[in-house]
Amino acid sequence: MRTPDASLLSSRARAARFGRRVLEVTLDEIYGGARKTYSGATTAELDRLFDEPMPESGRDPAAVLDECRRKVFRHSMRVSHPRIFGLFNPAPLPIAAFAELPAAFLNQSVDAWKAGPAATHLEVRLIRWMNDLIGFGPRAFGVFTSGGGVANGIALKLARDRVSGGRVRKTGLPGKLAGKLRVYASEQAHFSIARSLDLLGLGESALVRIEADESMKMRVDRLADAIARDRRRGLVPMAVVATAGTTNTGNLDPLRAAAAVAKAHALHFHVDAAYGGALLFSNRFASRLDGLDLADSVTIDPHKWLFQPFSLGGLFVRDGPRLNRGFRIEPGYLKKDLEAEADRLDFYHYSLEGSREFRGLKLWFTLKALGRRGLGRLVDATLDVTRHLEEQVRRLDCFEPFHAPVECAIFCFRYLPAWARRLPPSERSSGAALQRLNRVQVRIQQRVERGGFAWFPTIVIGRAVHFRFGVFNYLTGNRDVDAVLMHIRRTASSLGF
């Protein structure tokens, strides 16, 4: 039986020995040149693997690490593999991943200054840097969150409070507004917008989905029409949400035009740039976010396209005091008049979260080590690979690219069997031919996934199934793209397509 001291790693020597072993095992996994992107284990196999009662007694941490290698490491998606073209699962920068170690050991809770003094000031500075990039002024502030869903929810709460009056926090939504508030977003907006309206008590029906054009961007003319129509009906417009980097295709709504409509109607203008906000760091493509500085609030997730380990999202607001008014509360154990310095900043006054981890340290390490330009070069490199992918797909007649322009590091396309190539494009997009083509995409993707050569998802756009390639690994190169395209063709042939 292990002694408590041994299992707790309470001496520096024991902790150092085990820590080195954990590091070696982890780096072997990441840098070991794994051939497969995934083991291929099924849900049933994984259920059986982890089916056991809670341990009553402990054992040697080295044995636990070995079990972790066999069960967790072996059957995890290898997001650092250069042939993973996943959803928004980036290959994390080693400098950022290593920063998680001191953050965990320091165990600062960045909700109250007294629980994380240095961490609070570091995150305040990071927020200032991000607001400077966006173009917000000195009153701007923000908060780091678990992800874009929480950030979007906070932003929509600010919009609700603004239109409902200051008493809504205490007395709830006035009866005259019940069922009448409306939020406007593209039909391509993230699902967290509707979910936030549910959590705010407004209901998902408060979301007015605005048609997207052929480029998968919000039609701002339809936005203006919808707001005017709802006002005539006695409804109360609350906010406009533009998306900078849609989940399906990575496209950017026309921010400046959407901002003009929101301003004309005195509405809160929020930009969900959870994905596309990384373009702020680009050395060549930052201008694609023209108009972002006109927002009242912006969501950006560094754990998407800035190669940070999960989780690290953020909300950045033009009016910091307004964010404070939306969340300020003072329980007895955190009374300001009991502190030596009453002006200490407590992040729980700016967020729905209380206790939380020291999220900002990894981004601080990254920016200190790479600088904005260095991080921007990595973003630009993924865009270059995406452009190469697009060129290769357009060159090969067995593939059909989706028609939206490539604005972020996402490209969608589908495989065309010989019979489909003989059909005019209009016939491929309807009826039995469309259903048959959809089955082809699903079968190819599932075969590739099980084999582990590469990984990419299938998505539905309209009624058509497409492959969605997202380049979120700064080490993915053109040769990886070429190899996967060739593998898709070989897989299709083996399936009789």
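Predicted model: local features only at pLDDT ≥ 70, side-chain atom pairs only at ≥ 80, totals over all residues.
I then checked the pairing of β4. Strand β2 (residues 181-186) runs parallel to β4, and five bridges join the two. Within that pairing I found alanine 185 opposite valine 241 of β4. Strand β5 (residues 268-272) is also parallel to β4, again with five bridges. Here valine 240 has phenylalanine 269 of β5 as its bridge partner.

Is strand β4 enclosed or open? I counted seven of its eight residues (236-243) as buried, so the rest of the structure largely encloses this strand.

**Largest pocket.** I noted a volume of about 1,400 Å³ for the largest pocket. Its lining has 42 residues, and those closest to the centre are Thr26, Leu27, Ile30, Ala97 and Phe98. I listed the elements that give two or more residues to this lining: α2 (12-31), α4 (61-73) and α5 (94-106). Helix α2 gives the most, 12 residues. By class, I recorded 29 nonpolar, nine polar and four charged residues in the lining.

**Salt bridges.** Side chains of opposite charge can pair when their charged atoms come close. My search of the whole structure returned 31 salt bridges.

Glutamate 24 and arginine 21 form a salt bridge at 3.6 Å, N to O. Both sit in helix α2, three residues apart, so about one helical turn separates them. I put glutamate 24 down as partly exposed because its relative accessibility is 42%. Arginine 21, at 37%, is partly exposed as well.

In helix α7 (residues 148-164) I found aspartate 161 and lysine 157 four residues apart, about one turn of the helix. Their side chains meet in a salt bridge at 2.5 Å, N to O. Are these two residues buried or exposed? Aspartate 161 has 14% relative accessibility, which is under 20%, so I filed it as buried. Lysine 157, at 12%, also counts as buried.

Aspartate 230 pairs with arginine 229, with the closest N and O atoms 3.8 Å apart. I noted that aspartate 230 is buried, at 3% relative accessibility, whereas arginine 229 is partly exposed, at 30%.

Last, I traced a network of salt bridges that links Glu52, Arg59, Glu67 and Lys71.

Definitions and conventions
Residues numbered from 1 in each chain as written. Heavy atoms only, no water. 1 Å grid on protein atoms, 1.4 Å probe; cavity = no way out; pocket = protein on both sides within 12 Å on 5 of 7 lines; lining within 4 Å. Points joined across faces, edges and corners; volume = space filled by probe spheres on them. Nonpolar A, V, L, I, M, F, W, Y, C, P; charged D, E, K, R; others polar. Buried < 20%, exposed > 50% of the residue type's maximum accessible area, 1.4 Å probe, protein only. Pairing = 2+ DSSP bridges. Salt bridge = Lys/Arg side-chain N within 4 Å of Asp/Glu carboxyl O.
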